[in-house]
Each structure stands twice: as structure tokens, then as C-alpha cells.
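Me: I would like to learn how to read this structure step by step. Please give me the general idea each time, then the case at hand.

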Amino acid sequence: METQTIKNEQNTAKVTERISGSEAIVRCLIAEETKIIYGYPGGAIMPVYDELFKYQDKIHHVLTRHEQGATHSAQGFARISGKVGVCIATSGPGATNLITGIADAQIDSTPMVCITGQVFSHLLGSDAFQETDIVGISTPVTKWNCQVTKASDIPTAIAKAFYIAKSGRPGPVLIDITKDAQLEEFDFSYEKCTRVRSYNPVPKTDASSLEAAAKLINEAKKPLIVWGQGVILSEAEEVFKAVIEKAGIPSAWTILGASAIPTSHPLNVGMVGMHGNYAPNKLTNECDVLIAIGMRFDDRVTGTLATYAKQAKVIHFEIDPAEIDKNVKTDVAVLGDAKASLELLLPLLKGNTHPEWRKEFADLYAIEYEKVIKDDIHPTKEGLTMGEVLHQINVQSKGNAAIVSDVGQHQMIACRYAEFNKTKSNITSGGLGTMGFGLPAAIGAKMAAPDREVVSISGDGGYQMTIQELGTIFQQKAAVKVVVLNNDFLGMVRQWQQLFFDKRYASTEMMNPNFVAIAEGYYIKAKKVTKREELADAVAEMMASKEAYFLEVCVEKEGNVFPMIPTGASVSDIRLE
Amino acid sequence: MSTEKQLYTVSIYTENNIGLLNRISAIFQRRHINIESLNISPSEIEGVSKFIIVVDMTEDNVKKIIGQIEKQVEVIKAYYHNLDEIIYQISGLFKIKSELLFEEPQIQNIIKESHARIVTVNKDFFVLEKSGKKEEVVALYNQLSVFGIMQYTRSGLISVTKEEMKISSLLETYNN
């Protein structure tokens, strides 16, 4: 089927047509099977919008309320679908407003193509109206970028952009196109890019490294796997599950790795990192072989490197050679695509079950359950907890919803307690920690997967950073379920102030608006919950709604997220209280 | 050993594209690595540029930098070498008042002994060119500066490696 499609395109590619650069941009997007793009019009991109108007039956343009929202929507789209997210903006402020989302996509390896309009090429460098050096500004946060000043360069630039964004370790690409290039006519043809001379997206997997890895794993008494988003990006979920099941290895996830295998899987031992689970953090410093798969040893995962897994042999499955030995020294590096590598690894593994070692995880989980989890999800004291809200969402979703979180306490709670049956279901800003990510990302996710339940979970702080995207929900009739866990604080910063700054709550208390009135102002059904006895019904009503629904839950003001590895501490020093 | 700082050349083969210098220099800037010298020129392969960047850093860190550089889409390959592994030269230009040639006879001896080349002479000034190791160019500068130098410019280091660079065959493997 796929070969067929490519063949057809090659045939049509031979025929050229005289069209404008702006029409070519839209035709290129159609050739790349883009059906939805997110953006905001303006002077320097108007010719493209004119073409989008003509091609609206082929490409649906989503008018966000801010260009940042367009990037996060494109990210949400990409994260739930595995396809390239596309956004479009004008020059100057339109382009600079994309930067936060681009930086977020770069650090979280999200495939995204951004197209920006630029002033006429004869005005470049003259400080023209709405001129900004977006190629210069975006360089450190893009996988690749370029400026196009001639219409005839548009097809190759866009083809290259899609190829680079999606291949290897994915990332954001920006193409800046001058207005004269958009207006100029040329002989158009389009060919997909399959190769860039200087670019080697997937390094060759060395058979001897796989054998060395298999030997270490087969001989290990206490192996631990930590997997990251690489498993999801390479769509390795099935073979990954086969590997851990055959070798009987307890497996923990980084925040972006969540949902690659079901939460309920018996070998899934939870999240690593600062607010991860007790057992996998503690036992990182007990294991004899640490197997990292498609993850990058972020500082939020490792705590201080000086005492991170020093006793263990480290195996690192990784597509990006620059990640090898960047933070943690590896004994065996297996370069390549996670899916391909794991398929080669599987037959080399011996069957194992490691019952005693797995019992250590179960024992530590029992401690965490008693000290933290029980009171988080089944609280008895006054004041609603974020954890019980997540629990109610789980009850209603039965683990089938995609959870899109923002950044802060609620994010940690959401990632800790949300139950996932399906992959690509945990969408959050992991690396950059972008407050304001959640709501627009949920819109993008819902539009990419309209059949899936998409629940946006935000705090009262981050929600207000992109609250205007309620307008997009209204206009697009995107049936996103929007939950705000309101504690009238910037909760995570407040928690740090409590623990490390003697409760000096500098600028973390929020005086909040009437959130229900705001949602209703956008004609979105809305409800506010302040009491425990109202919660279950309210969540059920929200989840049953066929259209968008806003639910504000007023949670305890000074709740804290535990466990916690304080900054600079060892994973062994994880605190339960 | 690898935790001691020393001078390394970072040689980068790249596509000849606008903006790549920015992309590469940002990698150094972000990590507070001072670039001692930088030279960009065509390489032995048509259409391929070569950067020679000199940095003072540890081997561990220079390895990480190489990884970050090679990750850039338009970089074909990057290498690092210490100064023992390369043949290198830098070049200095000195503009000096012509009258000094007659007023300060030692200058003629300095020129002779340093093996510097006179590029041009006119009635107002003459220009000396000295190629060699950085120390040799600096030594000449120190000798001449006593008499007064009108202008002095030193080039970035350029180098070739003692080992073979297999860029052409690498490019072929990428194409297959």
C-alpha cells in the first residue's frame, strides 16, 4: 500500500505546473499528507492563507488564539498520532511566538514543521516592518532550519523539512519563506525527500554491541530497564514488551516513556525521577545491570550523577550517538533504532523471571502505597487531593483516555496516577517544562484522534498562560475535557518554597478569576467542584459529555507531591515525606 | 589524562550552507567554551567546507562537543586532534613604517632570522608575512613591537592530519 502511494506521487511529480510559491507551499503540504495545520495569519504569510482558503477541502487550518498555541497544538497532534505536526505563522512577532513550542519540541524530540512568512527578500536586513531574523533566533532550538527566497526552492525545502523532522531522532524544523518567493510563479513539481547527503538519521547497529548487551542481561541477577520516549517514537512497544517478558526484567519509565506498555503490566514498576516511584528510584542504585532504552539520562531522572547507578553495568540503546556517555558512562552502547535493535536482541535473550528481585520492587511499592499513594488517591482528611481527581478520571476512562498535562504539581500527579492501556496516551512537556502547554496540546491531540477521549489536566497557573485557546476549542468544536486542579497557588514553586525557602511564598499565591464564567463565556459547558462528595459525579458527567467540558476542582491549597528527590540529591535519597 | 585541558583542533566537514556557522558556534557558546581560533575554507572535496576550530578543553568534553556537532544535519563528519596529531600553521601580517628599516638596522636582522617574507614595500610602509607555529609568529611580534607596529593580524590555525581522512568514502556510504 505504502509503495503504491509513493509510486503514484513519483508519476505525478514528473509533470510540472506553473503556480505561485504560496500555492506550492500548500500543494507540498498536501503531498506530505498533511490534513490539519495550526496557525495564525498576518501580512507576510497572507498569500499562503489565500491558497489555504482555496484548498480548504484538503487541508483544515485551525486558527489558534496565539502562535504559541499553534505550536503546542501541532505538538499534541504529533505526539498522539506519530505524524509530523505542522504550524504556520507570519513574520516578526508571529514567528517569535513560535519559539517556546519549537524549543519544547526540540528537547522532547517531537516531529514538527513550522512555516513562517518573511518580508520581501529585498527588505531583508533593513529592519522592515515585522522583520525578524527568525532563522537566527530559531537556530539553537531547531533540528534544522532554512530561509527560502526563491519560489523554485520551496518544494525541496519543504520535502527536506518533513524528512528531517520525522527521521532519526525527530525534532522541529522551521522554513522561513519570503513574501516575494510566495508570490513568484514557477514550474512546480514535488518529490518526497528520502536522503540528505550529510545526514545519517539512524546509526548502524553493531552486532557485537548487541551480543555484549545480551550477555550482560542474561548474566544479570538484578537487571533494571529504564525506558523513555524512544520506545514510543520508534513504535517498538510490542517487541519491547516481548523483551521484558522473556527476560523477566522490572521496567520503569521516564515521564515521556509513559504509556508505552500498560500501567497494569506486572513488569511495569513505575516512573523514575524526581517525583517518580519509590522502588525504581531506590533500586536504580541496587541493580547490577541498568538497561536504558530510548532515554537520555536527564538530570530530573538521575539526580546527582556522582551517585547514580555506580554499582551497575550500564547498557544504553540509543538512536542519537551524542547521547552516549553524555551524562552517564555506558559499558555497552547499542546504537540504532529501538525497535530494530530490540528485535535483534530478543532472540539472544534467555528466559528469566527474577522473582526475588521483583519482590524488592513490590515491597518498596507497598511502603510507598502506605506512606503516599493511599492518602493521595483515597484521602480521608478534609480537602480534595489532585490524586483523587486522577483516580476518578481513571474510573471513568478505564485507562483508555489520553491524558494531556501541563507543568507543575498536577503534572507529576497526573503522570504518577493516570492509568494507560494504550501507547501515545501521555502527552506532556517533559524536557522544557512549558507551562501553558497542556490546553493547546490537548486540542491538537483531540483533532488528530477525534475518536479518543482526550483529557487536559492543568493547574490554575499554567492554564492561564494559554487560556485563550478556549476560543479555539469553541470555534473548532473540539471535544476536549478540560480539568483545572485549582489550589490558588503556583503549587510546585510553592512546594519548593515550603521545603527549601522557609515558607517564604514569594509571588506564588494566585488571585484567580471565575474560571467557570470564563469557560461559559466561550460557550463551553462548565462546572466547579469544591467537595469530595460532588467529585465522582462531576467527573462522570464530564467524561460522558459528547462536547467540550470544563471542570474546575478546588483542591487543598498546600498539598505536596511526594516522593521527591531534592535537586542535587541521589536517587537513593528519595523522600517519602 | 582525559580530564586535563589541552589544545585540540576540531575539524568539521560540512555542506556549504548559510547559517551553519551560527549553528556550530552556538554549540560552543552554550557551553561557555571559548574558541581560540576559527578558520573556514573549502576542503579537498568539491562543495564541502572545512572548519578548523581550536579549543582548550578536556578530551571528555571535546568528545561530547563532537557528538553535538555531528548531530547537525548539514555536518558530514567532525574529528578532534591534539597538536601532535596534525601538521599545522598559522600566519601573521605586520605593517611597519618604512623609515624604521633605515632608522633601526636591527629590524633587517630580525626579518632575516625569522624567515619572514616581505609582501610589499612602499615609501610609507612595508608588510611582513610570517607563517609557522603560533609561538614563532608571536616571537616575531614581540621583537617588532618594540619598534612600533602600525597593524598586526594573526590568522586562525589551519591544519591537515597525519592520519587519512576518509570523507569521500564516508559520503559514498551515506549515499547508499
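Reply: Chain A has 24 helices and 20 strands. Helices (H or I, at least four residues) and strands (E, at least two) are DSSP runs, numbered from the N terminus. This is a predicted model: local features need pLDDT of at least 70, side-chain atom pairs count only at pLDDT 80 or more, and totals for chains, interfaces and linings use all residues. Residues are numbered from 1 along each chain as its sequence is written, while chains are lettered from A and ligands numbered from 1 in the order in which they are written.

Me: Which strand order does the open sheet of six strands in chain A have?

Reply: Strands of a sheet pair through backbone hydrogen bonds, either parallel or antiparallel. Here two strands pair if DSSP finds at least two bridges between them. The order in chain A is β11-β10-β9-β12-β13-β14, with parallel pairing. β11 (268–271) and β14 (332–335) stand at the edges with a single partner strand each, so one side of each has no neighbour in the sheet. Neighbouring strands are turned by 20° against each other on average, direction ignored. Axes are lines fitted to C-alpha atoms, for helices over the stretch in contact, and angles run from 0 to 180 degrees between N-to-C directions.

Me: How many bridges join β12(A) to β13(A)?

Reply: Five, and the two strands run parallel. Ala292(A) has His316(A) as its bridge partner in β13(A). On to the next pair: four bridges join β13(A) to β14(A), again in parallel. There Phe317(A) stands opposite Val334(A).

Me: Are the two faces of β13(A) covered or uncovered?

Reply: In a regular strand the side chains alternate between the two faces of the sheet. A residue is buried if 20 or more other C-beta atoms lie within 10 Å of its own, exposed if 12 or fewer, and partly exposed in between, with C-beta atoms placed from the backbone. Both faces of β13(A) are covered. Lys313(A), Ile315(A) and Phe317(A) are buried on one side, and Val314(A), His316(A) and Glu318(A) on the other.

Me: What covers the buried residues of α6(A)?

Reply: The cover includes α4 (67–81), β5 (112–118), α7 (134–138) and β7 (172–178) of chain A. The buried residues of α6(A) are Thr100(A), Gly101(A), Ile102(A), Asp104(A), Ala105(A) and Gln106(A).

Me: At what angle do the axes of α4(A) and α6(A) cross?

Reply: They cross at roughly 25° and come within 7 Å. Angles under 35 degrees count as roughly parallel, over 145 as roughly antiparallel, 65 to 115 as roughly perpendicular and the rest as oblique. The two helices are therefore roughly parallel to each other.

Me: How many residues of chain B are in contact with chain A?

Reply: Two residues are in contact if their C-beta atoms, placed from the backbone, lie within 7 Å. By that test, 18 residues of chain B touch 16 residues of chain A. α1(B) gives the largest share of chain B's side, four residues.
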